[in-house]
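My notes follow the order in which I checked them.

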Amino acid sequence: MFQGRHFFFGGIEHCVHQFINCRTTFVVYVLICVCGSFYVGKTKRSLMERVREHRNSIRTGKGRTRLIKHIRCQHGGDANVLRFAGLELIPPFIRGRRYTPSPAPKGSLVYY
């Protein structure tokens, strides 16, 4: 996980205004690849649990997401090329409503 409250990805500086660590739940997060590609997701589970799921999917090759394909094709399946950070806390999901975080820069690989 990135240390500090400011970091860059997608050519934009991001500032985290809330306290977020690997045990935080209901969070929007980013996985940043060493090549500059990134994935933005959200989870109601702990950030650590969700990142572990991403890493396991890459390792086992299960799933057909762009993130898995990218890491397996471009980086030989090495999940260690990914770094992660929490971006913002989201309110617990209310049935029937969907939370949409701020838009990502055009041309980026972003998934929700």
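**Entry 1: the model itself**
I am working from a predicted model, not an experimental one.

**Entry 2: Thr-24**
I started with Thr-24. I found Thr-24 in the loop that runs between strand S2 (12-15) and strand S3 (27-33). Is Thr-24 buried or exposed? I read a relative accessible area of 12% for Thr-24. Buried means under 20%, so Thr-24 counts as buried.

Next I looked at the polar side of Thr-24. A polar atom of the Thr-24 side chain sits 2.8 Å from the backbone nitrogen of Asn-21.

Then I asked which residues Thr-24 touches once neighbours within four places in sequence are left aside. I listed Phe-19, Arg-45, Ser-46, Leu-47 and Leu-89 as its contacts.

**Entry 3: cavities**
How many cavities of 30 Å³ or more does the model hold? I counted 2 cavities at that cut-off. I took the second largest cavity for a closer look. Its space comes to about 30 Å³.

I wrote down its lining: Leu-31, Val-51, His-54, Arg-55, Leu-82 and Phe-84. Helix H1 (47-60) and strand S5 (82-89) are the elements that each give two or more residues to this lining. Which of the elements gives the most to the lining of the second largest cavity? I noted H1, with 3 residues.

**Entry 4: Gly-86**
I moved along to strand S5, where Gly-86 is found. I read a relative accessible area of 4% for Gly-86. The cut-off for buried is under 20%, so Gly-86 is buried.

I then checked Gly-86 against Gly-41. The two are 45 residues apart in sequence. In space, I get 9.7 Å from C-alpha to C-alpha.

**Entry 5: Leu-87**
Leu-87 also lies in strand S5. Is Leu-87 buried or exposed? I read 17% relative accessibility for Leu-87. That is under 20%, so I logged Leu-87 as buried.

Note on methods
Residues numbered from 1 in each chain as written. Predicted model: local features only at pLDDT ≥ 70, side-chain atom pairs only at ≥ 80, totals over all residues. Heavy atoms only, no water. Helix = DSSP H or I, 4+ residues; strand = E, 2+ residues; numbered from the N terminus. Buried < 20%, exposed > 50% of the residue type's maximum accessible area, 1.4 Å probe, protein only. Polar contact = N/O pair within 3.5 Å; in protein donor to acceptor, adjacent residues only side chain to side chain. Contact = heavy atoms within 4.5 Å. 1 Å grid on protein atoms, 1.4 Å probe; cavity = no way out; pocket = protein on both sides within 12 Å on 5 of 7 lines; lining within 4 Å. Points joined across faces, edges and corners; volume = space filled by probe spheres on them.
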